[in-house]
Amino acid sequence: MPDGNAAQREWRVTGMDCGACAAKVRGAVERLPGVADVDVALMAERLRLTLDETQISSESIEKAVRRVGFGIAPKGARPEKPEGGFILPEGAFPDAAEIPEPEEQDAAPPQDMAAPPWYQTAKGRLVLGTGALLAAAWASRLVFPAETSHWAFVLATLIGLVPVAQRAFAMTRAGMPFTIEMLMTIAAGGALVIGEPEEAALVVFLFAVGELLEGVSAGKARDSIRALSKLVPKTARLEADGKTREVPAEKLRVGQVVQVRPGDRVPCDGEVTEGISGVDESPVTGESVPSLKEPGAEVFAGSINAEAVLRVRVTRAAEDNTIARIVRLVQEAESARAPTERFIDRFSRVYMPAVVGVAVLVAIVPPLAFGLAWGDWIYRALALLLIGCPCALVISVPASITSALSTGARNGLLMKGGAVIEAAARTTHVAFDKTGTLTHGKPRVTDVAALTGSEAALLALAAGVESGASHPLGQAICAEAGRRGVDAAAATGGRALPGKGAEASIDGATVSVGSPRLAEERGALSDELRTRVAALEAEGKTVVIVLREDVPLGLIALRDEPRADAAEAVAQLRTLGISSIMLTGDNPRTAQAIADGLGIGHRSELMPEDKVTAIRDLTTEARVMMIGDGINDAPALAAAHVGVAMGSGTDVALETADAAILRNRVTDVAGQIRLARATMANIRQNIAIALGLKAVFLVTTMLGITGLWIAILADTGATVLVTMNALRLLFFRPSGPSEVTGPSARHTSDAVRESASATS
């Protein structure tokens with residue numbers, strides 16, 4: 001274990017094309033002294049570990065990685081070109097640490113390097129070179145004697161095999177003898193020894209082609225995640241001292257004001273200070289309907305201003321904006337490996353040595369025990385070696401997970417890694433919080449009934465007690481008083497009554513605004529009042545009673561309307577075979593009215609600890625996903641198998657739960673489960689492809705039906721097939737067949753158009 005001198009270090013590693021590459025990087029460093037907690041992320045090209053520099057230096061870590069053929073550079077530094085591998089464009093995964101210091105305000109924004117075409121890369125040149133040599137050797141057979149063409153194939157094999165053999169021996173020195181490079185070296189070299197130079201040359205060429213295709217496929221898998229970071233514009237129009245000037249967007253500071261013209265992308269997370277316009281947030285949340293933005297409204301970096309000029313005050317620094325945090329979350333999610341991935345990783349460590357052992361037995365047992373031809377069985381053993389590489393199997397899970405994370409991020413669905421995806425796919429029950437999840441979380445006053453005096457006087461007293469309240473009901477009462485032009489009564493000594501209401505002193509008398517339970521406790525709930533309360537609650541309304549010196553003055557009813565798509569979400573979950581339940585602290589009659597309208601079961605009058613108990617009761621017999629607002633439901637979110645936070649980019653929504661729904665659409669819960677299930681189905685397909693192809697060619701090789709060049713296709717071909725199959729998830733659409741885009745969507749769109757015409 002590292003001591004107090006240990007610290008976490010991070011590098012960018014270039015040239016990793018498949019799961020086996022990541023395993024090589026991990027193997028190169030995890031045996032070194034003073035190294036612990038090694039984490040290699042293939043798609044993010046990240047090496048992270050805990051390093052005790054009293055035992056080993058960071059330079060030694062870098063040398064160990066370079067020795068096995070990969071480029072490595074410290075986090076934030078210019079990426080290093082790997083030996084014999086690809087290098088992705090700089091800025092593929094921007095990180096907080098790469099943001100320049102504020103004093104570099106006038107520096108030009110960094111430009112992305114152009115990715116070289118495949119034929120200009122080392123692997124591309126190897127393919128072209130080995131292909132040309134192979135073609136020349138075949139051509140020599142038509143012109144020269146057989147002896148000459150024989151040596152042409154030998155030469156083609158040796159030239160193509162040299163870089164492969166160099167990597168193989170470098171990895172052997174690093175303690176990793178069982179690699180595809182070593183198996184290739186033995187197989188091609190063995191084919192030369194037994195007089196099969198044509199097959200050896202073809203195998204070397206096909207291996208080079210396979211490695212090139214693996215690199216291209218890995219680059220495609222990274223492209224969609226890389227595209228997220230490009231949503232934020234490079235520059236911003238900063239307003240200062242009455243002037244507007246362009247500055248790098250990554251150097252904006254909290255409190256500065258930027259101008260966003262129609263058609264521009266918003267350069268920061270911020271708050272609108274001036275202007276009214278429709279903003280397309282689909283690049284961030286996946287929501288296709290433009291959102292109306294007025295002064296005080298929140299905007300996200302990467303969204304597109306559609307209609308009129310907006311002035312936006314920066315509320316988050318570049319490294320903390322929504323896009324940066326989504327990219328960071330997707331990167332980090334790669335480290336949260338699914339149980340299936342961990343099992344395959346353990347299996348692959350046994351699989352390759354086992355196949356090598358079988359190949360040795362195939363080479364020597366038949367000739368020794370049964371007197372069969374040595375050449376035939378050595379040839380079959382060499383082919384068997386090529387089948388033994390687990391590249392396709394190792395990448396089968398991370399390729400699918402990465403594609404799913406990218407698709408989810410594009411559609412406003414965030415899941416923190418493979419473990420969350422696997423758990424979400426197994427969900428059988430979904431528990432919803434009511435306020436802010438199934439409902440908008442913004443109750444409004446529907447009824448004001450004064451028992452004595454006027455409604456205005458009743459509202460004035462209630463607003464005085466609730467003045468400055470943070471509770472949604474209190475805020476709704478104050479808002480209604482303001483709407484009616486009623487001034488709140490002057491109150492002193494205000495205090496909250498947890499779970500019951502609030503009270504304050506007005507004109508020397510104690511005035512309380514609270515639940516019927518509070519009135520019951522104080523002996524103020526008459527039979528007539530109880531009947532009126534029950535009637536309002538049966539309509540799905542929440543009732544508060546205003547008391548002065550424990551004498552009822554009247555009641556106020558409020559209702560928090562369900563979201564337009566809540567009922568559709570429950571129906572979609574039912575179609576997926578998933579049961580739903582609503583958990584709420586509201587009274588039973590209100591809960592019943594809301595639940596009946598949505599077609600969902602419910603439990604009412606639950607305190608936060610009661611919600612945790614309810615979730616734990618469910619988890620004993622089911623796989624439970626809990627949906628809440630990510631703040632007051634945190635204990636229940638943690639108790640569920642998967643906790644999902646509803647929230648448009650809030651810190652809690654992105655960082656505390658297992659998953660988050662950015663666009664506040666309840667139907668996205670079903671979409672998240674559909675995506676998780678599609679991902680697990682894709683993983684099962686990949687495993688079937690990887691193991692199925694190897695099993696088929698294992699049998700055909702043992703029977704002498706297929707040879708070396710088919711065996712190499714069984715490895716590299718399977719890897720490419722698995723990667724391409726995983727990339728299909730990039731085109732998956734999590735939305736259900738009948739998403740709600742009716743009245744609410746039309747109203748929003750109309751509002752945007754009306755405001756645009758008013759401001760133009």
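This text walks through one predicted model, from the whole chain down to single contacts.

Some ground rules come first. Residues are numbered from 1 along each chain as its sequence is written, and side-chain values use heavy atoms, with hydrogens and water left out. Because the model is predicted, local features need pLDDT of at least 70 and side-chain atom pairs count only at pLDDT 80 or more, while totals for chains, interfaces and linings use all residues.

Start with the whole chain. It holds 25 helices and 26 strands. Both are DSSP runs numbered from the N terminus: helices are H or I with at least four residues, strands are E with at least two. Of the 760 residues, 53% are buried. Buried means under 20% relative accessible area, exposed means over 50%, and partly exposed lies in between (1.4 Å probe, protein chains only). Now take contacts, meaning heavy atoms within 4.5 Å. Among contacts between residues at least 6 apart in sequence, 69% join residues at least 24 apart.

Go next to strand β1 (residues 6–14). Strands pair if DSSP finds at least two bridges between them. β1 pairs with β3 (residues 46–52) in the antiparallel sense, over seven bridges. Here R9 has L49 of β3 as its bridge partner. β1 also runs antiparallel to β4 (residues 71–74), with four bridges.

The order is β16-β21-β20-β19-β18-β17, and the pairing is antiparallel. β16 (444–450) and β17 (492–497) stand at the edges; each has a single partner strand, so one side of each lacks a neighbour in the sheet. Neighbouring strands are turned by 20° against each other on average, direction ignored. Within the sheet, β20 (residues 542–548) and β21 (residues 551–559) are joined antiparallel by seven bridges. T542 sits opposite L558 of β21. Helix α17 (residues 527–538) lies across β16, β20 and β21, and runs at about 5° to β21. For such angles, axes are lines fitted to C-alpha atoms (for helices, over the stretch in contact), and values run from 0 to 180 degrees between N-to-C directions.

Now the helix packing. Two packed helices are described by the angle between their axes and the distance between the axes. Helix α10 (residues 374–387) has two such partners here. With α24 (residues 708–727), its axis comes within 8 Å and crosses at roughly 15°. The two are therefore roughly parallel. Angles under 35 degrees count as roughly parallel, over 145 as roughly antiparallel, 65 to 115 as roughly perpendicular and the rest as oblique. From α10, Y379, L382, A383, L386 and I387 meet L708, A711, I712 and D715 of α24. Eight of these contact residues are nonpolar, none is polar and one is charged. Ala, Val, Leu, Ile, Met, Phe, Trp, Tyr, Cys and Pro count as nonpolar, Asp, Glu, Lys and Arg as charged, and the others, Gly among them, as polar.

The other partner of α10 is α23 (residues 667–702). Their axes come within 9 Å and cross at roughly 175°. This pair is therefore roughly antiparallel. W377, R380, A383, L384 and I387 of α10 touch K694, F697, L698, T701 and M702 of α23. This contact has seven nonpolar, one polar and two charged residues.

V420 is buried, at a relative accessible area of 10%. Beyond its neighbours within four places in sequence, V420 contacts M415, V642, D658 and A659. V642 is 222 residues away along the chain, yet the two C-alpha atoms are separated by 6.7 Å.
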